[in-house]
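Thanks for making time this morning. I would like to walk through one model with you, going from its confidence to its sheet, its core and a few individual residues.

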Amino acid sequence: MPVFGVWRPVQPKLLRRVHDRLSRTGGCEAVRYEPSRRDANEVVAEIDPVAFLEREYSATNARLRVEFDLKGGRPHYWIQWWEPDVGRGFGWHADETEPEYGPVHLQIEYPDGTTTRQSAVHVDDEHPYRTFERRLTSIPAQLAEVPWE
């Protein structure tokens, strides 16, 4: 969208929407842009899992990282839940790194260092913010399904 004759990419606007959404979400603390607001390429939130999930949870803290790359023919994104104290996490990755799983895969990283991947639902022509919303709201259900042990 041109603004005062200058092209403004969509990605900063998208990241601002993600930042605003996370800032208004219970359990999301210290929401920030990385590496900086001016040169942001991702949004990171420190999470209080109990407040975020609205139930008891085994980890005392977590981190949510949201990154988009809208260049190219198909949007790429990485939405990653990470629990640093226990060294585990999962995330949806829409990229070219694991083509055998399709356009999007769910990657689970376990404390023992193993990683599993599986195909994840992908919706063609979905706006990236809608994708973010769908993934964000599915985190509680996804956490209930991950066999951490």
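Residues are numbered from 1 along each chain as its sequence is written, and side-chain values use heavy atoms, with hydrogens and water left out.

As for confidence, pLDDT is the predictor's confidence in each residue, from 0 to 100. The mean pLDDT of the protein chain is 90, and 93% of its residues reach 70 or more. Over residues 1-8, however, the pLDDT is below 50, and this stretch has six contacts in the model beyond near neighbours in sequence. Where pLDDT is low, the predicted coordinates should not be read in detail.

Now to the sheet. Helices (H or I, at least four residues) and strands (E, at least two) are DSSP runs, numbered from the N terminus, and two strands pair if DSSP finds at least two bridges between them. On that basis, seven strands form an open sheet in the order β3-β4-β5-β6-β7-β8-β9, with antiparallel pairing. Its edge strands are β3 (28-34) and β9, each of which pairs on one side only. From one strand to the next the twist averages 15°, where axes are lines fitted to C-alpha atoms, for helices over the stretch in contact, and angles run from 0 to 180 degrees between N-to-C directions.

How is strand β8 joined to β7 and to β9? Five bridges join β8 to strand β7 (residues 88-94), and the two run antiparallel; five bridges likewise join β8 to strand β9 (residues 115-119), again antiparallel. The hairpin formed by β8 and β9 has five residues between the strands, and G113 in the turn has a positive phi of about 95°.

A word on accessibility: buried means under 20% relative accessible area, exposed over 50%, and partly exposed in between (1.4 Å probe, protein chains only). Strand β8 (residues 105-109) is mostly covered, since four of its five residues are buried.

That brings me to the core, a nonpolar core being a set of buried Ala, Val, Leu, Ile, Met, Phe, Trp, Tyr and Cys residues joined through side-chain atoms within 4.5 Å. The largest one has 36 residues, of which L22, W81, W92, F132 and I139 touch the most other members. Helix α3 (residues 128-145) supplies the largest share of this core, five residues. Also in helix α3 is Q142, which counts as buried because its relative accessibility is 13%. Leaving aside neighbours within four places in sequence, Q142 is in contact with F90, W92 and L106.

The side chain of H127 reaches the backbone nitrogen of Y129 at 2.9 Å. That is a polar contact, a pair of N or O atoms within 3.5 Å; within protein, one must be able to donate a hydrogen and the other to accept it, and residues adjacent in sequence count only if both atoms are side-chain atoms.

Finally, some backbone geometry to check. The peptide bond from E34 to P35 is cis, with omega near 0°, and P35 sits in the loop between β3 and β4 (42-47). A30, in strand β3, has a positive phi near 50° without being a glycine, and A30 is exposed at 53% relative accessible area. E54 is not a glycine either and has a positive phi of about 60°; E54 is exposed, with a relative accessible area of 72%.

How values were computed:
Predicted model: local features only at pLDDT ≥ 70, side-chain atom pairs only at ≥ 80, totals over all residues. Contact = heavy atoms within 4.5 Å.
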